Amino acid sequence: MGVKKHVYYFGAPKADGDRDMKMLLGGKGANLAEMVNIGIPVPPGFTITTKVCAEFQRTKTIPEDVVAQVRENVARVEKAMHKRFGDVDNPLLFSVRSGAAASMPGMMDTVLNLGLNREIVEAWVQRSPEQARFVYDSYRRFITMYADIVMRVGREDFEHALGHMKVLKGTQFDTDLSADDLKKLVDEYLILFERKSGKPFPQDPWEQVFAAIRAVFRSWGNPRATMYRRLNHITGLIGTAVNVQAMVFGNVNERSATGVAFSRSPSTGENFFYGEYLVNAQGEDVVAGIRTPQQIGKALSLKWAQEHGVSEEERQRRYPSMEESMPENYKLLCDIRAKLEEHYRDMQDIEFTVESGRLWMLQCRNGKRTIHAALKIAIDMHRSGMISKEEAVLRVDPEQVDHLLHPNIEPAAAKAAKPIGKGLAASPGAAVGQVVFDAESAKSWAAQGKQVIMVRLETSPEDLAGMHAAQGILTARGGMTSHAAVVARGMGKCCVSGCGDMVISGRSFALNGKFIKQGDVITLDGTRGLIYKGALKLKPASLEGDFKIFVRWCQELKRLNVRANADTPADADKAREFGAEGVGLCRTEHMFFEATRINAMREMILADTKEGREAALKKVLPIQRGDFEGLFRAMKGSPVVIRLLDPPLHEFIPHERVAQEELAAKLDVPLEKVRQRVKALHEQNPMLGLRGCRLGITYPEIYNMQVRAIIEAAVEVSKSGVPVKPEIMIPLVGKKAELSFTKKHAVTTAEQVLERKGCRVHYTIGTMIEVPRAALTADEIAEEADFFSFGTNDLTQMSCGFSRDDAGQFLRLYEDLGIYTRDPFQSLDQEGVGELLRIAVRKARAVKPMLKMGICGEHGGDPRTIEFCHRSGLDYVSCSPFRVPVAIVAAAHAAVVERQEHAERYKALAASKE
Ligand code: PEP
Ligand code: MG
């Protein structure tokens, strides 16, 4: 039996792995191997697999055979680099980095400069005194990271000592510290290390490397990483891989640098090389935003200088672009950019280091991007012939489309207001909120229903929960690739970063003479990088430009129809503008939410005689007719599902005394009468009470009035030349007899109206499937129905036995514990509630193969559920107007993926026949 492989080498000319091995080698490891295989310069190293991580989570040890393979691969790297690990005269150093199959930027740990000890450092300095500064700088970084990541004693005291040294020396940047300063700092760090961890700093490089590998494995389960996976619904992964790679140094001298870049703009998607670099620095400095990075391209550098009021002379002296300061390496980097895009056929996010004039690539991956960038890149790549339309559609995450529907500042308001400051336009959109200065306050204020803007000097991964809770993020430091910018873009949160003029002190900040304290309201414009005092008016998004083109492509490719849940003509207009192909649910009870109308509804509910109810219904009829006319006109001949009344009574009954008094006065009845009726209608379990068709069966005159209003409206609109397609829907049916009863009344009423009006309008009558019994007897119910619409809100409530109104109390905990991985009221519980849906589809189609079926619960706007609906054979999904574009994209994804699967299957079949 062969030896089981746990460690994969990568280094010229050929790596053990490749890009297709992400599950085993993680994204970083697989792409490092791929870059080696296509001839891009990568420092050699090796990847320990995710399977070892999974094993480590169980045993907390690194198995012996893995230890042996690590040692063998260290030897391979030594040979390739002509250096030796732990050698005093010619030492090889390593970086130890995490890298899971899904990108989790900044969430897990990294240790750099590993392999240094006192002896190696001293010998190095003696050998090359000109490198003394670099050697001490690397050593102090290593001690800090080791203390923080491996020993878990935090880095604050080390940062503090560094800050203290800078104050002592009167310098602003660590690059201004001399070799001697850093040597003193190292001595101080070693004492600090021992004091904090209770152990001297380990001098044996092998001890260091295995401790670092264990620490990176451990970081898979740290709270930050766990929360990131939960927020991003990253499931099904077994752990992180660990990449141990020969160190190359961007901090050796002024001919060294480190940088990060995107092959196209991650913010707008424009096709230019977008990157930042720092001379004489290590990678962490660029991402952490400690020094403001410089642009790699000259054109952007000039633009940056102009925006920041930096003179050309100063720019050339202090902030030259890489194109100017390292022209050969810049050219090489541009070639690599082109090669990687061509190879991966997608926008790449890369990390590189130049060590004493030699360029090395440290990472490449498909770059995270804003939705604006995602759309532009997908469209441009398709138009340039690089990818097919289907691939272009799959490049845009449907959930991310939601970010486009976030507001921007109303142009007139932006024109009239003067910004108090400017930073980098790190993540687009706009946000208004009260200022808070830490993640904890952001979370607790948001939990109280407040809108907050989180203001930080710079963000770190610990701020993740705060960023999530905030409407927007503002930072003083950091470039476009800083943690704040990258994470905010991923979340679709508006972010302005690198606002260097902002001076934060305690719980307030000063910006160009304006003073803002905690709780004050500001507005951020993440599209332009502007900060305003006070609340500016925001405008909702609309379908235009690239968004419009992309949605059109998705409409061409999808099979499912996408409708909207719309209760008013205004909602219906918006839905149509966003691409809705009909109304899938008009909740008629919602038409009475307005204060002026609710009394008519209450009068009807509280009437205790048929005459009383009919008198109230007379007042309601013209209101309803008008509403329905508006909907039919707005939808211009597309189908409109109007659901007959389904009011959970407790939502409409006046519970407060003042409201009861008002109603009594309006109806001219004694207060006591109203109170008695309210008492009589009280239900212990209103969601299972006199709702839906039960109300319509108890008081047929209510549904009769509604059907009359629908048909009269349809006749009116159709006479005016606008086609109409009314679809009347009966809610909360559990038994065929309920539908038969209500349908009979509805047909009689509709026919009476048509006869009276002397014309014909085609209408259909269907039902919601939202009671489990209805799903289980769908074949019987289908006999009476023209269509089905799955009401998955109630179906979830009744199948899981979770109250729709109260389940929030424990569902968060359930999600944390993994009992349900997603809130079943947001994303359909496919195994349980979904199974009921599948049963219903199967049974119904057995008796009526062409029965039209859709979904109108909240799940109709959830991409995962939409995929499920596609696969289950539904005809349409219906969701709120602002989710319509998300649903269109999700429906296109489902169709394209299914087509690709079919093609694969045919291919496999053809191959098996040959
Ligand atoms: C449902 O139950 O899924 C539904 C759409 O109806 P409502 O939310 O109005 O109960
Ligand atoms: Mg319902």
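## Terms and basis of the model

A residue is called buried when its relative accessible area is under 20%, exposed when it is over 50%, and partly exposed in between, with a 1.4 Å probe and protein chains only. By this definition Glu770 is buried, with a relative accessible area of 2%.

This is a predicted model, in which local features need pLDDT of at least 70 and side-chain atom pairs count only at pLDDT 80 or more, while totals for chains, interfaces and linings use all residues. Residues are numbered from 1 along each chain as its sequence is written, chains are lettered from A and ligands numbered from 1 in the order in which they are written, and side-chain values use heavy atoms, with hydrogens and water left out.

## Domains

The domain assignment, whose bounds come from an automatic or database source, divides the protein into domain 1 (7-246), domain 2 (257-369), domain 3 (407-539) and domain 4 (560-800 + 828-887). Between the C-alpha centres of domain 1 and domain 4 the distance is 61 Å.

## The magnesium site

The magnesium ion (ligand 2) has Glu770 (OE) and Asp794 (OD) as its protein donors, lying 2.0 to 2.1 Å from it. Donors are N, O and S atoms within 2.8 Å of the metal (3.2 Å for Na, K and Ca); water is not among the atoms, so sites may look incomplete. Glu770 belongs to the loop between β30 and α32 and Asp794 to helix α34, so the pair ties together parts that are 24 residues apart in sequence. Helices (H or I, at least four residues) and strands (E, at least two) are DSSP runs, numbered from the N terminus.

The UniProt annotation "binding site", from an unreviewed entry, covers Glu770 and Asp794. Although the two are spread over 25 residues of sequence, they cluster in space, with a largest C-alpha distance of 5.4 Å. UniProt positions are given in the numbering used here, feature names are shortened, and annotations may be inferred rather than shown by experiment.

Not counting residues up to four places away in sequence, Glu770 touches Asp646, Pro731, Leu732, Gly791, Asp794, Leu795 and Met798, where contact means heavy atoms within 4.5 Å. The side chain of Glu770 also reaches the backbone nitrogen of Leu732 at 2.7 Å.

Asp794 is part of helix α34 (residues 792-801). Asp794 is buried as well, with a relative accessible area of 2%. Leaving aside neighbours within four places in sequence, the contacts of Asp794 are Arg691, Leu732, Glu770 and Arg804.

## Thr792 in the annotated set

For "binding site", the unreviewed UniProt entry lists Arg587, Arg643, Glu770, Gly791, Thr792, Asn793 and Asp794. Thr792 lies in helix α34 and is buried, with a relative accessible area of 0%. Apart from residues up to four places away in sequence, Thr792 touches Leu828, Ile855, Gly857, Glu858 and His859.

## Strand β23 and its partners

Strand β23 (residues 521-525) is mostly covered, four of its five residues being buried. Two strands pair if DSSP finds at least two bridges between them. Strand β16 (residues 430-436) runs antiparallel to β23 and is joined to it by five bridges; here Gly433 stands opposite Ile522 in β23.

β23 also pairs with strand β24 (residues 530-533) in the antiparallel sense, over four bridges, and Leu524 stands opposite Ile531 in β24. β23 and β24 form a hairpin with four residues between them, and Gly529 in the turn has a positive phi of about 80°.

Technical notes:
A polar contact is a pair of N or O atoms within 3.5 Å; within protein, one must be able to donate a hydrogen and the other to accept it, and residues adjacent in sequence count only if both atoms are side-chain atoms.
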